[in-house]
Amino acid sequence: MGRSPFKLEAPFKPTGDQPKAIKQLYENLKQGVNEQVLLGATGTGKTFTIANVIEKYGKPTLVLSHNKTLAAQLYRELKELFPNNAVEYFVSYYDYYQPEAYIPQKDLYIEKDSAINDAIDRLRHSATRSLIERSDTIVVASVSCIYGLGTPEFYEKLRLQLYVGMQIDRQSLLRKLVELQYQRDDFSYKRGTFRVKGDTVEILPAYSEDIIIRVEFFGDEIDSISELDIFNRDVKRKLERTVIFPASHYVIPRPDMMEAIKQIQRDLEIEVEEYRKAGKEIEANRLWQRTNYDIEMMIELGACKGIENYSRYFDGRKPGEPPYTLIDYFPEDFLLIVDESHVTIPQIKAMYNGDFIRKDNLVKYGWRMKSAYDNRPLKFEEFIQKIQKAIYVSATPADWEINRSKGVIVEQIIRPTGLLDPVVEVKKTEGQIDDIISEVWRVKERNERAIIITLTKKMAEHLSDHLQERGIKAVYLHSEIDTIERAKIIKELREGKYDVVVGVNLLREGLDMPEVSLVAILDADKQGFLRSKTALIQTIGRAARNENGKAILYADNLTPAMIETIKETERRRKIQQEYNEKHGITPKTVKKEIKDLISLEELGILEIYSEIPPEVNTEEDLLKEIEKLEKQMWEYAANWEFEKAAEIRDKLERLRKIATVL
């Protein structure tokens, strides 16, 4: 292999069994192993290990996570480890999304309604741009990356390359910008727009929020190209050349669009005739009117609402063929990292069927043409076919990953901190509440925290109330609490405002709290996915960052899942103990700043609570606040009050980082 374009920068070196894991993973990749598992216990530094493998392997990398919050954490960590490489973030860009749907039982049509998060849309464009222009790109993505995106060929082919001395007249440049779906706006500064003044054209690229590309003409020749700061309009640097990427991933050359429209019209006539032969006149008329309206919009404006439902025609795909996705923007030899694979893989498996059921009703009742079926996420088998080299990362890999990897499992059990997996105790359910109270009091006296897992929501609520009555500061954490409030509760637990968090499923929270020394699981012998071996090991791991870590399983019977969990925990404890004795390590509780809990890029959600006005209590309030501040910012800019505008811009940037994980 040639020299890697990645340069990892960290103030520490791999320790524990990280060096062994890094070497094994890399050697396996070199020797042609396509899929392997990194079985990494909680707190062993899996992200740092993967970063070292990325640096050694030297290929563009897709890091796949099962939710936005964890993707944001990974993005921040990798961005810090690779400051001079292109680390990008690609998640769903909707702040609010109501998909188009039809409920035949009620004859109710629900029109698509959505609000796009501008900051995330910019990051998505930045990701695809980096993949096309750079070989040192890491993209951290949620599973939304398996949804249809737009043809990489058109996105790359239509990028506009400009250079000083280039022979092109101003009007030709403007036409090309419109073809790339940039809009003319001479009054405000928004991504994906351009403005014209005399012989000067100013372009605000879709992938940036703080620069303007100024192109100055002398006759029919580009005389100079400059990069300006969007607020004070100072020249940041002079450029010899620049590349303008399309403002939309669904861009298509005009001739290709007109050919596609002809095929849409031909298929429309066939589908309408099928309805009429079946005696479905209402559906026939509905489809005819709606599709012809869309066609008119495409001819006039180059786009229409729901244009993605016709993407098969623009991409040149046959019915049933998989859509283009973010994965198609990667070179063939890319590396795939599936984080928390035991959760992420099942999520990918489930995405296609849910989408198909909704589309089926739209097509059956004449709201959409059959091509809507092909605006979809990848089927699981299609996703698998795109995998060349993959590492599945999990503390509890599922059978699927182990089978796919043909048993190639690299273990990373040793924690550099010397911390052992929690001691596991099994206790009878009789008197379990009184026992929990006494255990929590012991934890409280050490100024530590506890997590209690119940079987039902109602039980969690009652237990939380009961603990409060007994003088314990308890809080109930449930699925209906929004992202910001959840993060706030976790922060307050760490700070000591609460002694214990009670919930049904705390696995999805991405909890990383060194203060937690006790995990108590009620009804541990009840069947269900929250009492499986995987869930039990993951839950117990919440206490693995504290030297006093302990887990109590309240049960009257030992289930196979409990037996396997206890056996695996004891195995890991033994490995760690032997390592500690050999190297003279005394386990110490992890020290972690509270502000680092959930964050995106350099700043995090919890660092900026002071920025949120008291009247902002919900996600909707937050989006309205961002919209209000944006208007205020542009008003200051229009009045040449650039210092005030820049101040609001910085505040907006921090508030948007909250919105990116909602």
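Me: In strand 13, which residue is the bridge partner of Val201?

Reply: Strands here are DSSP runs of E with at least two residues, helices are runs of H or I with at least four residues, and both are numbered from the N terminus. Two strands pair if DSSP finds at least two bridges between them. In this predicted model, the partner of Val201 in strand 13 is Val215. Strand 12 and strand 13 pair in the antiparallel sense over 4 bridges, and a hairpin of 6 residues joins them.

Me: What conventions apply to the numbering and the atoms?

Reply: Residues are numbered from 1 along each chain as its sequence is written, and side-chain values use heavy atoms, leaving out hydrogens and water. As this is a predicted model, local features need pLDDT of at least 70 and side-chain atom pairs count only at pLDDT 80 or more, while totals for chains, interfaces and linings use all residues.

Me: What pLDDT does the chain average?

Reply: pLDDT is the predictor's confidence in each residue, from 0 to 100. The chain averages 86, and 90% of the residues score at least 70. Over residues 595–610 the pLDDT is below 50, although this stretch has 47 contacts in the model beyond near neighbours in sequence; a contact means heavy atoms within 4.5 Å. Where pLDDT is low, the predicted coordinates should not be read in detail.

Me: What is the order of the strands in the open sheet of 6 strands?

Reply: The order is 10-11-12-13-14-15, with mixed pairing. Strand 10 (183–184) and strand 15 (235–239) are the edge strands, each pairing on one side only. Strand 11 (residues 193–197) pairs with strand 12 (residues 200–204) in the antiparallel sense over 5 bridges, and Val196 has Val201 as its bridge partner there. Strand 13 (residues 211–218) and strand 14 (residues 221–229) are also antiparallel, over 8 bridges. Phe218 stands opposite Glu221 in strand 14. The hairpin of these two strands has 2 residues between them, and Gly219 takes a positive phi near 70°.

Me: What distance separates the end C-alpha atoms of helix 7?

Reply: The expected span of a helix is 1.5 Å times one less than its number of residues. Helix 7 (residues 254–277) has 24 residues and should span 34 Å; its end C-alpha atoms are 35 Å apart, which agrees. Its buried residues, among them Met257, Ile264 and Tyr275, pack against helix 8 (281–301), helix 9 and helix 10. Gly279, which follows helix 7, has a positive phi near 75°.

Me: How many aromatic pairs does a search of the whole structure find?

Reply: Rings of Phe, Tyr and Trp (its six-membered ring) pair if their centres lie within 6.5 Å; planes under 30 degrees apart count as stacked, over 60 as edge-to-face and the rest as tilted. The search finds 15 pairs. In one of them, the ring centres of Tyr155 and Tyr329 are 5.7 Å apart and the planes are at 75°, so the pair is edge-to-face. Tyr155 lies in helix 5 (residues 152–157) and Tyr329 in the loop between helix 9 (311–315) and strand 17 (335–339), 174 residues apart. Both Tyr155 and Tyr329 are buried.

Me: Which residue lies over the face of Trp367?

Reply: A charge sits over a ring if NZ of Lys or CZ of Arg is within 6 Å of the ring centre and within 35 degrees of the ring normal. Arg286 lies over Trp367, at 4.0 Å from the ring centre. Trp367 forms one aromatic cluster with Tyr102, Tyr109 and Tyr365. Elsewhere, the charged end of Arg312 sits over the ring of Tyr313, 4.6 Å from its centre.

Me: Is Ser371 buried or exposed?

Reply: Ser371 counts as buried, at 2% relative accessibility. Its place is the loop between helix 10 (341–364) and helix 11 (380–385). Leaving aside neighbours within four places in sequence, Ser371 is in contact with Asn309, Tyr310, Arg312 and Tyr313.

Note on methods. Buried means under 20% relative accessible area, exposed over 50%, partly exposed in between (1.4 Å probe, protein chains only).
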